[in-house]
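Take a look at the structure below.

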Amino acid sequence: MTQFTFDAPTVIRTKRDGGVLSDAAIDWVIDGYTRGRVDDGQMAALLMAIFLRGMTDAEIARWTAAMVASGERFDFTGLRRDGRPLALVDKHSTGGVGDKITIPLVPVVMACGGAVPQAAGRGLGHTGGTLDKLEAIPGFTAELSKEQIRQQLCDLGAAIFAAGDLAPADRKIYALRDVTGTTESLPLIASSVMSKKIAEGARALVLDTKVGSGAFLPSEDEARALARTMVDLGTAHGLATRALLTDMDVPLGRAVGNAVEVTESLEVLAGGGPDDVVELTLALAAEMLDAAGLDGVDPAETLRDGTAMDRFRDLVAAQGGDLSAPLPLGAHTETVTASRGGTMGRIDAMAVGLAVWRLGAGRSAPGEQVQFGAGVHVHRRPGEPVAAGEALFTLYTDTPERLGPALAELDGGWAVGDTAPPHRPLILDRIT
Ligand code: URA
């Protein structure tokens, strides 16, 4: 009897016409794309069909499982540190603007006794990626072997690495989504995040699900549905998962880009930094420690007493980074000034994210090299007083022709008014 097999055009047409993909079709197309039997053009067409038509919960679950099965699944449960089993816990954000939280958060959790095996991502669309930021540190590498990850977890309590052999289907699909306008899709975000996190070997996971203009899914209802889907996917795979819904209407902190976000993270680790970055770091740390069953150390104390900074230095050094070398900053700058005095109103996170992307901090073609020195400094945050003529934003890039398009993205994305905008809480809800 002839074995039935699939073909990409039929799978694409099924989803394009609003049909439901069978488990076998999903397994076939994910495997085929990972191995190169399904090409980028075909997968791009399928991703756009999924973007437009969505997926059922059962399709999302199967798509995620197929992405997990496309590679290795780490298991670090037998490892010990100082004679005790590792408290393996991680966090992942659904993507935001100025979202550098992983950089201070991981060392805080290390300093509190957690072990973080973090498969991190690169920039996606208008949002930055942890790997692009950390690679701005001269010498830093995220290409770690499984043995190096294992060793770092035992010696230091963390490793931040490119997913490599974990969920390789996600690595390819993530890069393709970045350049095909298919990022803002609940099924594609949920499966992308959870395939990496299920495969990376953590025992507990805290998700930072973003809500607001700079999030991939801006409405609270959509973000809530995304968080629910991801928590359920994690739980179904034996990963204790919980989520916070957090505000992403305004960029986090005062620095958006690659190296500029590392600099701001170092300020937080030195006990300073913007209030919102500190608040979110500590809220996520508290969730991670609780999820890992750790208590007894106050995460805020690790920022005050310098132990989180020490752990960050250890981590960067173990991954080849040199924190004594200067961080890059784009040589060409432009400053946006206030034409009137008053109070800084809303700053649209999407406008800032797109400006930073135009400056060269993100990609518009697969595999493009990002500019580590590209970024924006936000001098006045919503509600802060503004004097006529003072600097509100400074833009940095290595390619001066990028300044005009970046300024155009920022235009209309902020305003100075007579009164402060309404206060928006940073942490909106918690989903378990
Ligand atoms: N983070 C991911 O890993 N994938 C997404 O799609 C969005 C954020």
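Are α15 and α16 roughly parallel or roughly antiparallel to each other? Keep in mind that this is a predicted model. Start with the axes. Helix α15 spans residues 349-361, and helix α16 spans residues 403-410. Their axes come within 8 Å and cross at roughly 175 degrees. Angles over 145 degrees count as roughly antiparallel. Therefore α15 and α16 are roughly antiparallel to each other.

Now look at the side of each helix that meets the other. From α15 come A351, V352, L354, A355, R358 and L359. They meet L403, P405, A406, E409 and L410 in α16. By class, this contact has nine nonpolar residues, two charged residues and no polar ones.

Next, the interior. In soluble globular proteins, nonpolar side chains tend to be buried together. Here the largest nonpolar core has 69 residues. V109, F312, F393 and L395 have the most contacts inside it. Helix α12, residues 275-291, gives this core its largest share, eight residues. A second core is separate and has 49 residues, among them A8, Y33, I173 and L233.

Zoom in on F312. Leaving out residues up to four places away in sequence, F312 touches I103, P107, L134, I137, L266, L269 and L323.

Finally, the annotation. An unreviewed UniProt entry lists residues 343-417 as "domain: Pyrimidine nucleoside phosphorylase C-terminal". Over that stretch the chain is 28% helix and 29% strand. The end C-alpha atoms of residues 343-417 are 5 Å apart.

How values were computed
Residues numbered from 1 in each chain as written. Predicted model: local features only at pLDDT ≥ 70, side-chain atom pairs only at ≥ 80, totals over all residues. Heavy atoms only, no water. UniProt positions renumbered as here; feature names shortened; annotations may be inferred. Helix = DSSP H or I, 4+ residues; strand = E, 2+ residues; numbered from the N terminus. Core = buried A, V, L, I, M, F, W, Y, C linked by side-chain atoms within 4.5 Å. Buried < 20%, exposed > 50% of the residue type's maximum accessible area, 1.4 Å probe, protein only. Contact = heavy atoms within 4.5 Å. Axes fitted to C-alpha atoms, helices over the stretch in contact; angles between N-to-C directions. Parallel < 35°, antiparallel > 145°, perpendicular 65-115°, else oblique. Nonpolar A, V, L, I, M, F, W, Y, C, P; charged D, E, K, R; others polar.
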